[in-house]
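Here are a few exercises to work through with the model open in your viewer. Try each task before reading its solution.

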Amino acid sequence: MHRAQRRLLVPAAVAASIALAFTGCSSSNFGGGDGGDGASEEGPIKIGAVLDITGVGANLGVPEQNTLNMLSEQLNEDGGINGREVELIIKDNQSTEDGAAKATTELIENEQVDLIIGASRTGPSLAMRPLVEAAQLPTISVAANAAIVDGSEWVFKTAQNDVVVLERILDDAESKGYTKVALARDATGFGEGIAEIITELGAERGITLTATESFEPNATDFTAQMTNLRAADADFVIIWGITPSAGLAQAAYVQIGVGKPVYQSHGVANNAFFEAAGDAAEGVIAPMGRLLVADQLDADDPQKEVIDQFIADYTEAFDSAPSSFAGHAYDAWKIGVAAIEEAGTDPEDLRDAIEATSDFVGISGIFTVTPENHSGLTADALILAIAEGGRWNLYEE
Amino acid sequence: MTDFLQLTAAGLSQGSVYALLAVGLIATYTVRHVVNIAQGDYAMLAGLGSISLVSAGLPLPVAILIALISVTLASVLIERLVIARVKNLTTLVSIILTLGVSTLLQSIMLLVWGAEARRLPAFPGEDLLIGGVSIRSQELWMLGALVVVGGGVLLFYEKTRWGKALRASAEQPVAARIVGISPAVASVIAFAIAGFVGAVAGVVSSPIYLSIWSGGLLLGLKGFVAAVLGGLVSFRAAIVGALLLGVLESYVAGYVASGWKDAVAFFILIIVLIIRPAGLVLRPNAVRV
């Protein structure tokens with residue numbers, strides 16, 4: 001091999017491999033972790049959280065981190081739980097499955113936490129499930145896919161199930177006489193199984209799925225998927241993902257000029273959607289909790305008082321309005337803390353107490369958890385919202 | 001056919017960003033034999049910086065101008081504080097050094113701007129619809145930036161006395177010094193160009209692709225693949241290679257599966273390194289100095 005060749009080959013190969021290695025695993029751990037001294041009935045109650053603070057889930061994990069920090073401060077100012085201080089340990093899983101598994105193991109083995117909250121997204125939550133089931137540790141996920149709690153013993157979750165979200169979308173589509181739908185879905189856990197659910201629920205409503213495309217949550221260009229959706233010739237489109245990717249997909253969809261109505265999931269229930277989608281957000285309909293349309297709720301709405309208080313607290317603390325994801329964290333924290341107050345930190349008792357949660361008025365809905373339903377929410381927890389004028393508004397069906 | 005052209009248009013605009021980064025990489029490689037891993041971070045830094053300036057109330061052009069100048073200065077500062085301090089700088093050492101710089105820049109961006117992706121307002125202009133193919137005005141800005149800035153750097157290096165002097169200082173440092181070319185000045189100019197070009201890539205692409213603290217590494221790597229197509233010395237081949245890479249990624253996403261998109265660049269890199277490690281344009285047995 002000639003010198004000239006070798007001179008380029010070696011550094012090029014090194015640069016590529018280093019850069020590749022680092023794309024996957026750069027960045028740091030956030031918050032928490034100031035060396036635990038072992039759990040006991042005397043010391044502080046330890047609550048761990050595994051959140052997608054950096055990486056593709058940042059739009060979810062950051063407000064969740066804010067919320068948990070705020071609530072734990074509030075709780076300790078009010079004297080903790082039954083006089084015991086609460087120590088919150090937040091780990092960043094960097095929006096990866098292996099990051100979530102590693103953080104969970106650390107919380108279980110090194111910190112010996114009494115309860116875990118997280119993760120923010122479905123994929124990392126699914127990675128945590130076998131670990132906490134094996135360790136028999138009560139865990140409340142703040143992600144959406146029903147697979148997280150399907151048949152679980154120790155795992156609960158607070159975000160609305162994908163099935164009920166899709167029911168709301170398809171009901172509305174049916175009422176408008178649509179019969180053909182094209183889907184662009186998140187390629188990770190959150191989008192897993194969505195096409196099958198649409199096919200199943202659509203059959204009852206005379207709606208057929210004509211095309212399915214998927215996109216990576218870290219993608220920046222969505223022209224390819226949207227071009228294929230255009231070719232599918234559907235009456236309406238469902239884009240199923242989280243911000244910012246679902247917002248960028250929306251912008252790409254509007255750009256190529258298909259002009260069919262778009263429904264999105266509760267994964268875009270934040271203001272970051274408008275940052276990512278820009279003007280293209282206008283007219284999108286999405287089922288979500290009541291938080292983002294709190295100012296448009298009836299005065300006698302049972303959730304209004306809780307939501308208004310949370311918005312006031314969060315806005316004062318962080319100078320920005322909370323997203324639905326902040327609400328999922330709020331619900332997980334409040335349900336967990338209420339259960340510890342009642343049952344203490346014995347894992348079995350705590351698990352049973354969470355499972356007995358009934359008529360808890362939260363941000364995302366009114367929760368009644370049962371052994372069969374570890375999600376606790378029904379379709380009533382959702383409203384339909386429409387994107388207009390750079391914010392979500394209550395949509396009159 | 002419309003779909004094919006639509007995918008091509010999207011690929012070309014994505015490729016123009018890769019091309020600008022490749023130009024920046026070659027600018028420093030030809031002068032100092034430095035492979036600058038932080039090249040993509042310049043783009044994110046400029047994007048995030050201009051977003052902050054816009055939200056502070058500055059008009060878009062002013063914000064962009066300040067961001068471009070700041071990132072250019074930052075690149076010069078990196079050259080003075082890190083690169084210039086090393087005696088006997090080899091390419092391998094430069095990769096490790098700039099990897100450190102990249103990590104530092106990313107950490108700073110994470111601390112200052114947070115973990116969430118942010119977006120610069122779109123530049124003025126009307127979106128076009130030609131025969132069913134939609135082209136955003138911002139994509140024209142991106143391609144225009146490549147023509148003006150990328151082309152400008154290319155002409156500067158190849159046609160002007162200054163540009164020739166820069167390359168001379170890399171190829172014959174002693175001789176260059178004898179005829180009055182300072183290697184230190186040459187190095188500073190090369191890094192200023194790299195910083196400026198990277199920053200341009202960041203601000204023109206932010207309205208479509210967003211800016212995020214961690215986005216630079218993958219972007220820089222794509223630019224690096226394009227630069228390798230040009231043997232790390234040919235601007236022309238690198239620009240063409242970058243546009244091809246963008247278009248190819250777009251076709252793969254459209255016709256195969258979107259999940260394969262990011263694999264395209266690395267697949268090409270491996271193939272090129274095995275078959276034509278000197279790049280696409282140089283004859284493999286040509287003696288480069």
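**Exercise 1: Annotated segments of chain B**

An unreviewed UniProt entry places the feature "transmembrane region" at residues 12-31, 51-77, 89-113, 140-157, 178-204, 210-230, 237-257 and 263-282 of chain B. Keep in mind that the model you are looking at is predicted.

Task: Find how much helix and strand the chain has over residues 51-77 of chain B, and do likewise for residues 140-157 of chain B.

Solution. 
- Step 1: Residues 140-157 of chain B are 100% helix and 0% strand. Here the end C-alpha atoms are 25 Å apart.

**Exercise 2: A helix pair in chain B**

Task: Describe how α3(B) and α8(B) pack, giving the angle and the distance between their axes.

Solution. 
- Step 1: Locate the helices: α3 of chain B covers residues 60-81, and α8 of chain B covers residues 183-209.
- Step 2: They pack at an angle of about 140°, with axes 8 Å apart.
- Step 3: The crossing of α3(B) past α8(B) is right-handed.
- Step 4: Look at who makes the contact. From α3(B) the residues include Ile64(B), Leu68(B) and Val71(B), while α8(B) contributes, among others, Phe191(B), Gly195(B) and Val203(B).
- Step 5: Sorted by class, this contact of α3(B) with α8(B) has 15 nonpolar, five polar and one charged residues.

**Exercise 3: Two domains in chain A**

Task: Work out which elements of domain 1 of chain A give two or more residues to the side that touches domain 2 of chain A.

Solution. 
- Step 1: The domain assignment of chain A gives domain 1 as 45-160 + 306-379 and domain 2 as 162-288.
- Step 2: Their C-alpha centres lie 28 Å apart.
- Step 3: In the contact, 19 residues of domain 1 of chain A meet 22 residues of domain 2 of chain A.
- Step 4: On the domain 1 side, the elements giving two or more residues are α2 (58-77), α4 (122-135) and α11 (324-343) of chain A. The largest share, three residues, comes from α4(A).
- Step 5: By class, that side has nine nonpolar, nine polar and one charged residues.

**Exercise 4: A helix in chain A**

Task: Is helix α8 of chain A mostly covered or mostly uncovered?

Solution. 
- Step 1: Across the 397 residues of chain A, 58% count as buried.
- Step 2: α8(A) spans residues 245-255 and is mostly covered, with eleven of its eleven residues buried. Leu248(A), Tyr253(A) and Gln255(A) are among them.
- Step 3: After α8(A) comes Gly257(A), which has a positive phi near 70°.

Key:
Residues numbered from 1 in each chain as written. Chains lettered and ligands numbered in written order. Predicted model: local features only at pLDDT ≥ 70, side-chain atom pairs only at ≥ 80, totals over all residues. Buried ≥ 20, exposed ≤ 12 C-beta atoms within 10 Å, placed from the backbone. Helix = DSSP H or I, 4+ residues; strand = E, 2+ residues; numbered from the N terminus. Axes fitted to C-alpha atoms, helices over the stretch in contact; angles between N-to-C directions. Left-handed = near helix turned anticlockwise from the far one by under 90°. Contact = placed C-beta atoms within 7 Å. Nonpolar A, V, L, I, M, F, W, Y, C, P; charged D, E, K, R; others polar. UniProt positions renumbered as here; feature names shortened; annotations may be inferred. Domains from an automatic or database assignment.
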